[in-house]
Amino acid sequence: MKSAVVQLPGLNRDRDMVDALTKISGHAPVTVWQTQTEIPDVDLIVIPGGFSYGDYLRCGAIAARMPVMDAIRRKAEQGVKVLGVCNGFQILVEAGLLPGALMRNTSLRFVCKEVLLEVVNADTAFTRTYTEREVIRCPVAHHDGNYFVDEETFKSMEDNRQIVFRYAAGTNPNGSLSDIAGVINARGNVLGMMPHPENLIEAAHGGTDGRGIFASALDAVAA
Amino acid sequence: MNIPNSIAITPELVAAHGLKPDEYQRILGLIGREPTFTELGIFSAMWNEHCSYKSSKRWLRTLPTQGPRVIQGPGENAGVVDIDDGDVVVFKMESHNHPSYIEPYQGAATGVGGILRDVFTMGARPIAAMNALRFGAPDHPKTKHLVSGVVAGVGGYGNSFGVPTVGGEVEFDERYNGNILVNAFAAGLAKADGIFLSQAKGVGLPVVYLGAKTGRDGVGGATMASAEFDESIEEKRPTVQVGDPFTEKCLLEACLELMKTGAVIAIQDMGAAGLTCSAVEMGAKGDLGIELDLDKVPVREERMTAYEMMLSESQERMLMVLRPEKEDEAKAIFVKWGLDFAIVGKTTDDLRFRVLHQGEEVANLPIKELGDEAPEYDRPWMESKKHPALLASEVAEPDDYNAALLRLVGSPNQASRRWVWEQYDTIIQGNSLQRPGGDAGVVRVDGHPTKALAFSSDVTPRYVEADPFEGGKQAVAECWRNITATGAEPLAATDNLNFGNPEKPEIMGQFVGAIQGIGEACKALDFPIVSGNVSLYNETNGVAILPTPTIAGVGLIPDWSKMARIGDMNDGDELILIGMDGSHLGSSIYLREVLGSTEGAPPPVDLQAERRHGDFIRGLIRGGQVSACHDVSSGGLVLALAEMTMAAGKGASITLSEQRGPTHALLFGEDQARYVVAIPRDLANFVGASAESSRIPFRRLGTVGGDRLVVDDLLDVAVVDLVNANESWFPAFMA
C-alpha cells in the first residue's frame with residue numbers, strides 16, 4: 001500500500017493529495033521532486049492538481065518534459081498504477097501516457113463546483129469499490145478540462161472501456177466530448193481525471209464519495 | 001556605457017511626483033541640498049499618501065488595537081492573533097482600487113498577490129482569502145468589463161497560488177462608476193514562535209534580494225494610487241504591475257523552507273514602492289542604515305536607471321536581512337525553486353539610506369525621516385451632514401408583498417453571487433467547512449482535530465454615507481454578527497478604509513466620523529483592529545465614491561461539529577427571531593429597490609444589545625440547540641427568511657402575532673443586533689425560556705416545512721421561484 005506523490009513547481013493540491021492518501025491508507029506517501037530520475041518502490045504514483053509552471057504554455061506541457069516523467073513512464077510500463085488528477089491528468093496527456101487533449105472550458109472561465117460523476121467502468125484498479133453506472137458526487141476546479149479526442153481513438157477507447165467517468169445528469173462543467181471526466185490507458189494502470197476525489201473523502205468535506213478511487217487503488221495492491 | 005541618472009529638478013517635475021511645494025521645501029531643509037532625480041523618486045514613493053498614511057495616521061491611532069489575544073497589531077505586514085495551542089492566525093486586508101480600474105485583470109490579480117505576500121512574509125501559510133468588490137451601476141458601460149476582468153483576475157491569481165476563497169462581497173452603486181473598489185483579504189496560519197518581522201537587527205549584515213527579477217512595470221504605482229482620476233486615466237496603464245502567481249507559489253514554498261533554517265533575521269515583501277519602501281522600512285524600524293548596490297539587483301530588462309529600479313513595483317519579490325553563516329543553505333533553497341537570491345546590500349550604523357549604481361552614489365538620505373518620521377497632516381474636516389430620521393409611517397407599503405420580495409432577492413445587490421464565486425477555487429487545501437453564500441466562510445485549522453476559523457467582510461456604504469459614525473459602527477457590528485452566526489467567537493479585525501480626496505474637509509469629515517464609529521464599536525465588542533489599509537483619492541472629476549470602510553474579521557470555533565450554517569434546518573423546526581422587531585426603514589434596501597429612494601438615517605447600532613444578543617446566539621449554537629442560523633441585515637427579516645429557505649430548499653410558515661408597528665417595517669426593517677435561528681421543535685420552549693430569563697427580546701415566527709415561504713395572508717411565494725429570481729440576475733447580467 002505504498003504510494004508516492006509527485007511535486008513540481010506550481011502544483012498546489014499536493015498537500016491535499018498527501019493528506020487524502022494518509023487518511024485513507026494510514027501511511028503517508030513519499031514525495032518525489034521533479035528532478036528525481038528514480039521513483040522508490042511504490043504501488044501507486046499520484047500526480048496531483050495545480051498549475052505546473054503556471055500553465056503559461058499548454059497546461060502540463062512543461063511538466064511533461066521534466067526528468068521525473070521518464071521515471072514515471074518506466075514505472076507505468078512495469079504495471080505500477082499511476083493516477084493523474086486535474087493538472088496531473090493534463091500532464092499525463094501531454095506526456096503521451098493517456099490519449100486525447102484537454103482544452104479550455106467552453107465557458108472560457110475557471111469553474112469550481114460540485115458535479116455528479118457516473119462510474120462508466122467499475123472494473124478497473126481505480127473503481128472496483130464502486131458499482132457500474134453508480135453516480136457519485138465530486139468537486140471540480142479547473143480552467144482547462146474540456147476533453148477532446150479524435151473519432152477513431154474515441155471509438156477504440158469505448159470498445160476498450162477506457163472511459164471510466166462521465167459527468168452525469170447535465171453537470172458537464174467544461175464542454176468535454178461525450179461528457180468524459182476520466183479515462184484510463186489500454187493496459188488499465190494509468191488513470192487521468194479532471195475532478196478532485198481527494199477533496200471529498202471525509203465528513204468535513206461534506207461527503208466521502210471520493211474515497212473509493214483511492215481505496216480501490218490501494219486495496220487492489222494489498223489483495 | 002553608463003546609464004544616465006541625472007535629470008534636472010524643476011518645479012514641474014516635483015509636482016509630477018505628487019509632492020506639494022511645502023513638502024519639497026521640507027526635503028530641501030532635510031538634506032540641505034537639491035535632491036538627485038533618484039532621491040526625488042524615493043521621496044515621492046515614501047511620502048505619498050498610499051505609503052505614508054500622512055492624512056490618516058492621526059486618526060488611525062485612535063482605534064483600539066490591543067487585546068489579550070493580539071500578538072502583533074498594526075505596523076507590520078499583517079496582524080497576528082492567538083488562537084490557542086501555540087497557533088496564530090495572521091491576516092490583513094488591502095486595497096488595489098486604482099490599478100484595478102485601469103487594468104482590471106492585472107490590478108485585481110496583483111492585489112491578491114500583494115496581500116498573500118504580506119501574510120507569508122510573516123511566516124504564515126495562507127489558508128483563506130476573501131474579496132470585497134464594489135462596482136459602478138450595472139448599466140454603466142464599463143461595469144461588465146470591470147466585473148469580468150476583476151473576477152477573472154482574483155481567480156486567476158488565487159486559484160493558481162492555491163488558496164481557497166471563502167467569502168467576500170460584490171456590490172453595485174453608481175457612485176463607483178469612476179472608481180471601483182477591490183479590497184483583498186488573506187489569512188494564514190503560523191506558530192506563535194515562528195513569526196517573522198520586518199525590523200532589521202545587527203550592523204554589517206547582508207541584505208538579500210529574493211524572488212522574481214526587477215522590471216520596469218509598476219514604476220510610480222504608489223504615487224498614481226495617491227491621486228484622483230481624470231480623463232488621462234488610460235495613460236496610467238504602465239503604472240499597473242503584472243502578476244505571476246506561479247512565481248508567488250514558488251516564493252511561498254521557498255520562504256517557508258528558508259524560515260525553518262534560521263537564516264532570516266528580518267524579512268519584508270516588496271509591495272508598493274518596491275525596493276525603496278521595503279529597504280527603508282526594514283532599516284528605519286531597526287534604527288539602522290541600509291546601503292544598496294543596484295548593480296547586484298537581478299533585472300529582466302536592460303539599461304534600467306537607478307530611478308526605475310528603486311521605484312519598480314515588479315511583483316513576487318522580497319528583501320531580507322540574512323544570518324551570514326547560513327548563506328549557502330539559504331541560497332540552495334532558492335536555486336531549487338528557480339528563484340533569484342542576490343546579496344544587494346548591507347545594514348549600516350549611520351541611519352542613512354544609501355544607493356549605489358555603477359559605482360556612483362545616487363542617493364544618500366536620512367532613513368528615519370523617509371520612513372517612520374514621514375510628514376503627517378491634521379487635515380481640516382467638517383462634520384458630515386446626517387440624513388434626517390425617516391419614520392416607517394412615512395414610507396409607503398408595497399402593493400404586493402410577493403412582488404416586493406421577488407424584486408429584492410433578484411436585485412443587483414441581493415442576487416446570488418454564484419457566478420462570481422464559482423470562478424474561485426473555494427475548496428483547495430481540503431479544509432473549507434463553509435464556502436461563500438452563508439454568513440461567514442469557515443476553514444478548519446490544519447493539524448487540530450476540532451478547531452476552525454470563521455471569516456467575514458462587511459460594510460454598508462449607504463449607511464456610512466447617510467451617517468458616517470453610525471455607518472462605521474454598523475460595519476464592525478455586522479462583521480462581528482456574521483462571525484457569531486456560525487458559533488465563532490469574533491477575535492479581531494482588519495480595516496480597509498476607502499474614501500475620496502482627504503484634502504476636502506467634507507471627505508475628511510466622513511473619514512473621521514467613520515473611524516470614530518469603528519473605534520467605538522471595536523471597543524464595545526472587544527474586537528480590536530490589528531492591521532489595515534487606507535485608500536484615499538477614490539474620486540474621478542471631483543465625484544467621490546460612497547465612503548466605504550470595509551471591515552474583515554476573524555473568529556474562532558473551538559469545535560466545528562457544533563458550528564451553525566444558514567441552511568441546515570429541518571422540517572418541523574421552529575423559527576425564532578432573536579432581537580427586536582423591525583421598525584427602521586431609513587436607508588433600507590426596501591426603500592432603494594422598491595421605492596427608488598435613498599432617504600433617511602441608517603438604523604442606529606445599540607452595541608450593548610449587539611453584544612448581548614450575539615453572546616446569547618453563540619451560547620445556543622455551542623450548546624447544540626440550533627439547526628440553522630442567519631443574521632438579519634440588508635432587506636430585513638423577510639430577506640433573512642428567504643435566504644434561509646433558499647439555502648435549505650425548504651419552505652416556512654410565519655405568523656406575525658401580536659404585531660406592533662407597521663407590517664412593512666416588521667418585514668423589511670433593517671434594525672441591527674438580530675438573528676433568525678431554526679430550533680428543533682422539542683427545544684423551542686426551552687430556548688424561548690432562556691431568552692426570557694436572559695432578557696433577550698425574541699419573537700416566535702413559525703415553522704419550517706413545505707416548499708413555500710408564507711407569511712400570514714400577506715406573502716406566499718414558492719421557494720423555487722425565489723431561487724430562480726435570486727440565481728438568474730448575475731448570469732443574465734454577464735451574458
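Okay, let's start with a hairpin: β2(B) and β3(B) form one with four residues between them, and B:Asp84 in its turn has a positive phi of about 75°. Before I go on, this is a predicted model, where local features need pLDDT of at least 70, side-chain atom pairs count only at pLDDT 80 or more, and totals for chains, interfaces and linings use all residues. Residues are numbered from 1 along each chain as its sequence is written, with chains lettered from A and ligands numbered from 1 in the order in which they are written.

Strands here are DSSP E runs of at least two residues, helices are H or I runs of at least four, and both are numbered from the N terminus. Strands pair if DSSP finds at least two bridges between them.

So, β2(B) and β3 (residues 87-95) pair antiparallel over four bridges, and B:Gly79 sits opposite B:Phe91 in β3(B). On β1 (residues 70-72) of chain B, two bridges join it to β2 (residues 79-82), again antiparallel. There, B:Val70 stands opposite B:Val81. β1(B) and β2(B) also make a hairpin, with six residues between them and B:Gly75 in the turn at a positive phi of about 115°.

Now the helices. The axes of α7 (residues 104-120) and α10 (residues 245-260), both of chain B, come within 11 Å and cross at roughly 5°. Axes are lines fitted to C-alpha atoms, for helices over the stretch in contact, with angles running from 0 to 180 degrees between N-to-C directions. α7(B) and α10(B) are therefore roughly parallel, the word for angles under 35 degrees.

Key: Angles under 35 degrees count as roughly parallel, over 145 as roughly antiparallel, 65 to 115 as roughly perpendicular and the rest as oblique.
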